[in-house]
Amino acid sequence: MSSTPSKVTLHMVSSLDGFIARKDKDVSWIETPDTYERGIDLTDEQITTFLEGIDCYVMGAKTYEHALALGWPYGNKPVIVLTRRPLKSARVNVSFYKGNLEKLVTDRLKPAYKNIWVVGGAVIAKDFLRGRLVDEIIVTVKSMLLGEGLLFFDSIGVEQPLHLKDVTSYKNGMVELWYEVKRN
């Protein structure tokens with residue numbers, strides 16, 4: 001294992017007004033037909049290389065069930081599902097966790113993985129932020145105003161300074177904002 005410190009990245013896709021799903025939990029709006037000519041286009045090879053750099057994923061039970069229904073985009077990477085209810089594992093690379101998040105991150109995840117991605121949902125994101133367990137935040141903003149639904153951020157309850165590391169605009173109209181969490 002390399003000497004590079006482990007990092008926890010919180011990643012979400014959001015509408016411009018901060019929603020990650022419609023009121024009925026529908027996320028079909030993510031596939032918008034918008035185009036931005038000056039944006040970059042990603043090749044399949046670039047996407048594959050990027051995804052290979054992620055060592056494991058952490059998600060909530062609803063995100064897990066939604067990912068299964070959509071066709072499981074996480075491949076064979078280890079996935080830890082945070083849940084308080086019993087769930088059946090549909091994949092051998094999925095494990096379930098109920099307990100203290102700080103203990104999960106410091107005792108289990110960081111010793112085993114370098115690039116840990118928290119991918120959903122809103123409650124999990126807030127719990128990781130409140131616990132100051134996130135090293136960076138990547139928000140992909142889609143060209144859409146939903147008006148109402150499930151908010152990505154609401155009442156986190158902690159103030160957290162950030163440093164903007166990068167901004168990328170894509171041909172499909174989405175904009176990616178990449179922030180480093182500043183430590184005091």
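Guide: We'll take the aromatic pairs, then a hairpin. Keep in mind that this is a predicted model.

Visitor: How many aromatic pairs are there?

Guide: Six. One of them is Phe 50 with Trp 117, 5.5 Å centre to centre. Their planes are 80° apart, so the pair is edge-to-face, the cut-off being over 60.

Visitor: Where do Phe 50 and Trp 117 sit in the chain?

Guide: Phe 50 is in helix α1, residues 44-52, and Trp 117 is in strand β6, residues 115-120. They are 67 residues apart, so the pair links distant parts of the chain.

Visitor: Trp 117, buried or exposed?

Guide: Buried, because its relative accessible area is 6%. Phe 50 has 45% relative accessibility, so it counts as partly exposed.

Visitor: And Phe 152 with Phe 153, stacked or edge-to-face?

Guide: Stacked, at 3.9 Å centre to centre and 25° between the planes. Phe 152 is buried at 2% relative accessibility, whereas Phe 153 is partly exposed at 33%.

Visitor: Which residues do ring pairs link into a cluster?

Guide: Tyr 57, Tyr 64, Trp 72, Tyr 74 and Phe 96.

Visitor: Switching topic. How many bridges join β9 to β10?

Guide: Seven, and the strands run antiparallel. Strand β9 covers residues 162-169 and β10 covers residues 175-181.

Visitor: What stands opposite Thr 168?

Guide: Glu 176, in β10.

Visitor: Which residue takes a positive phi in that hairpin?

Guide: Gly 173, with phi near 90°. The hairpin has five residues between the strands.

Methods. Residues numbered from 1 in each chain as written. Predicted model: local features only at pLDDT ≥ 70, side-chain atom pairs only at ≥ 80, totals over all residues. Heavy atoms only, no water. Phe/Tyr/Trp six-rings, centres within 6.5 Å; stacked < 30°, edge-to-face > 60°. Helix = DSSP H or I, 4+ residues; strand = E, 2+ residues; numbered from the N terminus. Buried < 20%, exposed > 50% of the residue type's maximum accessible area, 1.4 Å probe, protein only. Pairing = 2+ DSSP bridges.
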